[in-house]
Amino acid sequence: MLIALVSYIVLIFVVAWLTNRRATQTAFFNGNHASPWMVVAFGMIGASISGVTFVSVPGEVATQNWHYLQFLLGNLVGYQIIAFVLIPIYYKLRLVSIYTYLNNRFGTRTRKTGSWFFLISQLFGAGMRFFLALSVLHVVLFAELGIPLWVEAVVAISIVWLYTHRVGIKAVVWTDVLQTSFLIAAVIATIYAITDSLNVEFIKLPEFIASHNSFEIFDLDWHSASFFPKHFLSGIAIVVVMNGLDQNIMQKSLTCKSSSDAQKNIVSFSFAFILTTMLFMALGTLLVAYSEHLHLPIPTATDQLYPTLADKYLPPYVGIFFVIGVVAAALSSTDSSLTALTTVWCIDILGVDIEDSAKKKSINKLKLTVTIFFAAALVAVVLIADAINNRSVVNTIFTLAGYTYGPLLGLFIFGLSTKHSINEKYLPMVCILGPIISYIINLLTPHIFNGYQMGFETILVNATIVIAGLYILKNNQLGGRK
């Protein structure tokens with residue numbers, strides 16, 4: 001297994017080395033605007049499916065059935081909004097960091113406020129995804145070798161830094177193709193192994209899945225956190241804010257040659273992503289069926305369902321594919337996060353002009369320093385999560401990181417749907433109050449509305465509060481910055 005893992009990592013470096021050739025000064029940030037849209041679309045699948053998703057989506061089927069598909073249907077609509085509303089704006093303004101839009105529309109303070117919210121969200125969100133993926137690898141592989149988690153974290157982030165620090169997003173776009181390929185291969189290999197063990201013919205696999213008791217798509221209980229209307233609407237909002245307003249994801253699309261290519265990328269990716277995630281859900285049904293076949297109880301922590309079966313009960317080759325799949329998903333999401341964090345810090349916080357050829361050496365030195373800093377910060381998040389060693393606390397940190405996307409959604413909606421300028425003096429306070437108030441509402445809702453559970457729609461409440469605050473801060477005159 002270790003030989004396969006090392007071989008895979010060597011392959012990543014080969015792909016990254018090939019991308020280093022003919023890279024310009026700005027390649028780290030914009031990929032020289034030369035990425036083929038089909039390549040970007042395929043690679044984005046791996047970046048969107050983190051190590052957490054790799055193990056949690058199949059496991060979630062055991063308790064939540066196929067309710068996640070409701071969310072995915074909303075995602076599909078959200079991606080079309082990104083493609084036909086946001087992408088043309090980003091290309092028209094020739095943006096490298098999407099938060100520069102906030103500067104053009106409102107001013108410097110708004111841009112920096114939005115950038116800080118992204119930095120916090122991305123740092124903790126990426127760090128926690130990184131930690132949970134490393135935790136799976138630790139249990140499945142490295143614990144038996146006596147290697148502590150902190151060593152795994154340092155080695156893993158060093159690998160990411162080594163293949164991204166020179167050309168950044170240019171390397172990420174092409175290595176993501178490799179990561180996605182192995183991620184999908186891992187799922188297909190597991191599905192093949194289970195169907196073979198259950199004697200299910202491949203041609204009858206859809207029928208087998210549809211007949212299983214886990215195959216329930218629509219949740220029509222309005223008390224439920226996965227109630228269809230709010231799951232669907234939240235799917236739209238979550239995709240728009242956590243993809244269309246997220247530098248990590250959009251930076252890849254902005255490496256395409258033109259706006260139309262970027263739109264083709266998003267549209268094709270949206271369908272490919274939905275189909276890939278449905279493949280994970282199909283795997284989830286098969287994992288449950290295989291557990292029933294072996295008379296094994298479903299783990300209380302359903303995230304452990306896939307790792308447990310792959311490690312102990314399925315053929316050895318499945319375990320190899322599983323480990324490589326987790327590594328592929330973890331690296332694919334971490335490398336783009338590291339590049340995005342560096343980009344936003346350099347361009348939006350420090351105001352660096354990446355096209356200033358006279359400052360090429362100083363920009364490269366700064367870029368190197370910033371990537372090292374954020375690499376260390378991601379490792380720090382992993383170490384903190386490991387030290388806490390409390391799953392409920394870790395989940396809370398992960399959830400709270402998501403709250404910080406609400407202000408970004410509010411800022412962009414207000415900017416795109418109105419022509420009002422705002423008094424920027426109190427803007428940071430409004431953006432801080434949004435997550436705090438929405439969190440309090442989330443806690444009180446079950447007591448006020450007869451057990452109603454808020455789910456993904458929390459981000460909509462968060463954004464609405466911020467938008468209301470922006471209306472309070474709006475100036476009398478119309479037509480903010482263009």
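**Briefing on the predicted model**

Phe13 counts as partly exposed because its relative accessibility is 29%; the scale calls a residue buried under 20% relative accessible area, exposed over 50% and partly exposed in between, with a 1.4 Å probe and protein chains only. This is a predicted model, in which local features need pLDDT of at least 70 and side-chain atom pairs count only at pLDDT 80 or more, whereas totals for chains, interfaces and linings use all residues. Residues are numbered from 1 along each chain as its sequence is written, and side-chain values use heavy atoms, with hydrogens and water left out. The largest nonpolar core has 149 residues, and 18 aromatic pairs are counted.

**Nonpolar core**

- A nonpolar core is a set of buried Ala, Val, Leu, Ile, Met, Phe, Trp, Tyr and Cys residues joined through side-chain atoms within 4.5 Å.
- In the largest core, of 149 residues, those with the most contacts inside it are Phe54, Tyr90 and Phe322.
- The largest share of this core, 17 residues, is supplied by helix α15 (residues 316–349); helices are DSSP runs of H or I with at least four residues, strands are runs of E with at least two, and both are numbered from the N terminus.
- Leaving aside residues up to four places away in sequence, Phe322 touches Phe54, Val55, Val136, Val140, Ala186, Tyr306, Pro307 and Ala310, where a contact means heavy atoms within 4.5 Å.

**Aromatic pairs**

- Rings of Phe, Tyr and Trp (its six-membered ring) pair if their centres lie within 6.5 Å; planes under 30 degrees apart count as stacked, over 60 as edge-to-face and the rest as tilted.
- By this rule, the count is 18 aromatic pairs.
- The rings of Phe13 and Tyr163 form an edge-to-face pair, because their centres are 6.2 Å apart and their planes stand at 90°.
- This pair links distant parts of the chain, with Phe13 in helix α1 (residues 2–20) and Tyr163 in helix α8 (residues 149–164), 150 residues apart.
- Phe13 is partly exposed at 29% relative accessibility, whereas Tyr163 is buried at 3%.
- The pair of Phe269 and Phe273 is tilted, because the ring centres are 5.6 Å apart and the planes meet at 35°.
- Phe269 and Phe273 both belong to helix α13 (residues 259–293) and are four residues apart, about one turn of the helix; both residues are buried.
- Trp116, Trp345, Phe373 and Phe374 are linked into a cluster by ring pairs.

- Helix α9 (residues 169–197) has 29 residues and reaches 42 Å from its first C-alpha to its last, close to the 42 Å expected at 1.5 Å a residue; the expected span is 1.5 Å times one less than the number of residues.
- At Thr175, helix α9 bends by about 30°, the bend being the angle between axes fitted to the seven residues ending there and the seven starting there.
- Helix α18 (residues 405–417) has 13 residues and a reach of 18 Å from first C-alpha to last, close to the 18 Å expected at 1.5 Å a residue.
- Because ten of its 13 residues are buried, α18 is largely enclosed by the rest of the structure.
- The buried residues of α18 include Tyr405, Leu408, Phe412 and Phe414.

- Gln251 lies in helix α12 (residues 247–253) and counts as buried at 1% relative accessibility.
- Not counting residues up to four places away in sequence, Gln251 touches Phe28, Phe29, Ile169, Thr339, Ala340 and Thr343.
- Thr445 is part of helix α19 (residues 427–448) and is buried, with a relative accessible area of 4%.
- With residues up to four places away in sequence left out, Thr445 touches Tyr452 and Met454.
- The count of disulfides is zero, a disulfide being a pair of cysteine sulfur atoms within 2.5 Å.
- Cys346 is buried at 1% relative accessibility, and Cys431 is buried at 0%.

**Loop residues with positive phi**

- Arg94 has a phi near 55°, a positive value in a residue other than glycine.
- The place of Arg94 is the loop between α5 (68–92) and α6 (100–105), and Arg94 is exposed, with a relative accessible area of 72%.
- His295, although not a glycine, has a positive phi of about 60°.
- The loop between α13 and α14 (305–312) holds His295, which is exposed, with a relative accessible area of 71%.
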